[in-house]
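Me: I would like to go through the labels attached to this model one at a time and ask what each of them rests on. Please set the values against the cut-offs as you answer.

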Amino acid sequence: AGVLDDGVVTALTPERLDRVLGPKADGARHLHELTLDRPLTEFVLISSVSGVLGGPGQGNYAAANAYLDALAERRHADGLPARSLAYGMWAAEGMGGVLDQALIDRMRRDGFGALSPEEGAVLFDVAPGPVAVPVKLDLAGLRDQARAGVLPALLTGLVRLPVRRAASPVTESVVLTPDALEDLVLTHTAQVLGFATAAEVDPEHAFTDLGFDSLTSVDLRNRLAAAAGRQLGATVVFDHPTPA
């Protein structure tokens with residue numbers, strides 16, 4: 001079972017947390033408690049890679065899946081059968097079939113492909129316990145993430161390109177001319193939106209008109225902060241409404 005209710009952390013109310021945590025965390029806990037006296041040979045939980053790597057706007061969903069992984073670890077430590085499979089996206093199956101296409105495209109650009117049902121089934125059979133992460137990764141996308149300075153730390157060993165070290169805003173920030181700054185913003189705006197080149201972005205169009213929401217705005221902020229070596233506020237995109 002799984003429910004999505006994405007949003008930035010500051011927008012997550014107790015009700016939105018309960019809506020996502022309930023089906024996964026509460027359901028798994030009840031199954032664990034109700035089967036403790038049964039001679040099970042398998043106890044399989046289907047979690048998500050978001051519980052391992054996190055995901056933009058998915059603090060509640062990541063927490064719910066991390067609980068499943070932790071429950072499998074606990075059962076394993078207690079000598080009970082347990083496997084938690086932290087799957088990546090499936091092609092047109094499960095939540096992968098109901099996600100917004102823009103989100104799916106962004107995940108692909110970020111280096112996360114979609115497992116076919118056949119691949120997912122094979123990985124189900126061979127995945128070890130207590131926790132496995134069956135996910136399809138695209139190294140080219142991961143290298144792009146590394147260049148932008150936003151590659152998850154757990155994946156840095158998979159690409160040769162080193163992740164840029166977080167810069168001190170005082171000693172290592174980059175000084176940019178106005179034209180260079182605009183080019184930087186346009187380049188990363190194009191990457192976040194999935195455009196082929198920065199030339200496709202009209203610098204006079206508002207970010208909201210270009211299709212930005214709270215999640216893509218945070219993505220752009222993170223990329224710009226890594227590229228410029230500066231700490232930027234979460235609302236920087238809305239404080240400066242156009243790329244220009």
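**Labels and their grounds**

Me: Why is arginine 74 called exposed?

Reply: This is a predicted model, and in it arginine 74 has a relative accessibility of 54%; exposed means over 50%, so arginine 74 counts as exposed.

Me: What makes arginine 74 and aspartate 78 a salt bridge, and how is aspartate 78 classed?

Reply: The closest N and O atoms of the two residues are 3.0 Å apart, and a salt bridge needs a side-chain nitrogen of Lys or Arg within 4 Å of a carboxyl oxygen of Asp or Glu, so the pair qualifies. Aspartate 78 has 46% relative accessibility and therefore counts as partly exposed, since that class lies between 20% and 50%.

Me: Why is arginine 83 called buried, and what is its salt-bridge partner?

Reply: Arginine 83 has 9% relative accessibility, and buried means under 20%, so the label buried applies to arginine 83. Its partner is glutamate 42, with the closest N and O atoms 3.4 Å apart. This pair links distant parts of the chain, with glutamate 42 in the loop between α1 and β1 and arginine 83 in strand β2, 41 residues apart. Glutamate 42, at 44% relative accessibility, counts as partly exposed.

Me: How do you know that lysine 24 has no salt bridge?

Reply: The nearest side chain of opposite charge, that of aspartate 69, is 8.6 Å away from lysine 24, whereas a salt bridge requires a distance within 4 Å, so the buried lysine 24 has none. A polar atom of its side chain does lie 3.0 Å from the backbone oxygen of isoleucine 46, and lysine 24 itself is found in helix α1, residues 14-34.

How values were computed: Residues numbered from 1 in each chain as written. Predicted model: local features only at pLDDT ≥ 70, side-chain atom pairs only at ≥ 80, totals over all residues. Heavy atoms only, no water. Helix = DSSP H or I, 4+ residues; strand = E, 2+ residues; numbered from the N terminus. Buried < 20%, exposed > 50% of the residue type's maximum accessible area, 1.4 Å probe, protein only. Lys, Arg positive; Asp, Glu negative; His and termini not counted. Polar contact = N/O pair within 3.5 Å; in protein donor to acceptor, adjacent residues only side chain to side chain.
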